[in-house]
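Hi everyone, thanks for making time today. Please take a moment to look at the sequence and the structure, and then I'll walk you through a few spots.

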Amino acid sequence: MPMASGGGSAGAPGGPVFTLGTGPSGSSSRTVSALARPVLHHLDPEFLALYAGAVELLHRALGGELAPVVLQGEAVLGLEAAVAALTRERDVVLCLVSGDFARGLGDWARPRAREVVELDVPDGQVIDPERVRHALRERPEISLVLAVHCETVAGTVNPMGAIGEVVAEAGATLLVDAIASFAGMPVDPAGWRAGVVVAGSEKCLGGPPGLSLLYVSQQAWERIEANPAAPRGSFLSLLDWRDAHLPDRAFPFAPSVSDVYALHACLEQYLEEGEAAAWERHRRVARAARAGARALGLSLWPREETTCADTVTVLRLPPGIDGELLLRQARSELGVLLTGGQGSLAGQVVRIGHMGPSAFPLAPVLALAALGRGLRAQGFPAQLGAAVEAALEAL
Ligand SMILES: *Cc1c(COP(=O)(O)O)cnc(C)c1O
């Protein structure tokens, strides 16, 4: 059982904990073994080879012509670094606000750019490429577009292929946060014609939080190199880490050695399973979570089922239900870790993550059983039996 670990507090001390939240998503024993390896010096030839190997595996997973970049900090570092690298003082930036993560991208751009224009997406909906086209026509000086692929806060997935097409036609650069989708759903930076796509290790790859994984296109590198405001000699610098995997280059500073071991192991497992097989696994589990949640008596936050993410299911809390209490009891009494609403959705929704190791067939059943029990305790007539039947049927 990949996510079971000694955590205590759920009945028997040290009993299993089922981590079914929005990431970190648990780790396989193979990943944990990789983390437990002795910490080599970062200039040790064995580590240098492993680092280069990890970048090569990541390159296969992210695609594109150029080698990707690994930054030594949890995925948010990658987002901030990418915004800092791409934003020029004269830029008008378009931020596609499909949720709080997207709004955050705009917040990083604002002090660095001339202006940030926000395109708001109504609650539970996804970005409409035609609205993006319209926004770009209205402000032809927009040169950078910020977007999130899977908006974890809302459980939605934006149509990046169509958005990328519109952005490319307007001659702007596209930055995409694919942290919650990479390795759980198709992420195609080159196909999206994206400049930069940021992924992380702690969601669908099943690693610890600690590394940022970045696809950067040739065009984006040219923009970054020519941008005097792009960080250099900084923890945020993409340029400093660009060639760190090459044999004749030095690391700007010591990389997170253990996290790199884990990344290597996670990527091996992802590619051994096969990307298509991993995506299909997420798709089935998400389908089961949605069917079960409906049968339980809950409704989905996303307006349309076709826009639901395969990696996280966001459910509206019925009126009068205390979401915090629900989650606290699920964790302390049943050992099931779920996630509540974030930002503007705090108190309104509950989120079931099915990412990487936590996207296993019975995960939705466990999550729904824990939810249903807590909802009943608060007086909501949750249909537990029907939920289990529906989830199993949908698998
Ligand atoms: C998880 C996630 C991040 C990283 O955020 P943390 O709170 O540091 O985990 C960024 N963007 C998206 C869409 C995410 O799901």
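Let's begin at threonine 307, which sits in the loop between strand S11 (299-300) and strand S12 (312-316). Keep in mind that this is a predicted model. Is threonine 307 buried or exposed? Its relative accessible area is 14%, and the cut-off for buried is under 20%, so threonine 307 counts as buried. And which residues does threonine 307 touch, if we leave aside neighbours within four places in sequence? They are Val126, Gly155, Thr156, Val157 and Pro302.

Now to charged pairs. Side chains of opposite charge can pair when their charged atoms come close. Searching the whole structure turns up 22 salt bridges, and I'd like to show you some of them.

Take arginine 88 and aspartate 91: their closest N and O atoms are 3.0 Å apart, and both residues are buried.

Next, arginine 249 pairs with aspartate 243, at 2.9 Å from N to O. Here arginine 249 is partly exposed, with a relative accessible area of 42%, and aspartate 243 is partly exposed too, at 24%.

My last pair is arginine 283 with glutamate 280, where the closest N and O atoms are 2.6 Å apart. How are these two placed in helix H10 (residues 275-296)? They are three residues apart in that helix, so about one helical turn separates them. Arginine 283 is partly exposed at 34% relative accessibility, and glutamate 280 is partly exposed at 31%. Elsewhere, salt bridges with shared partners link Arg30, Glu268 and Glu272 into one network.

Key: Residues numbered from 1 in each chain as written. Predicted model: local features only at pLDDT ≥ 70, side-chain atom pairs only at ≥ 80, totals over all residues. Heavy atoms only, no water. Helix = DSSP H or I, 4+ residues; strand = E, 2+ residues; numbered from the N terminus. Buried < 20%, exposed > 50% of the residue type's maximum accessible area, 1.4 Å probe, protein only. Contact = heavy atoms within 4.5 Å. Salt bridge = Lys/Arg side-chain N within 4 Å of Asp/Glu carboxyl O.
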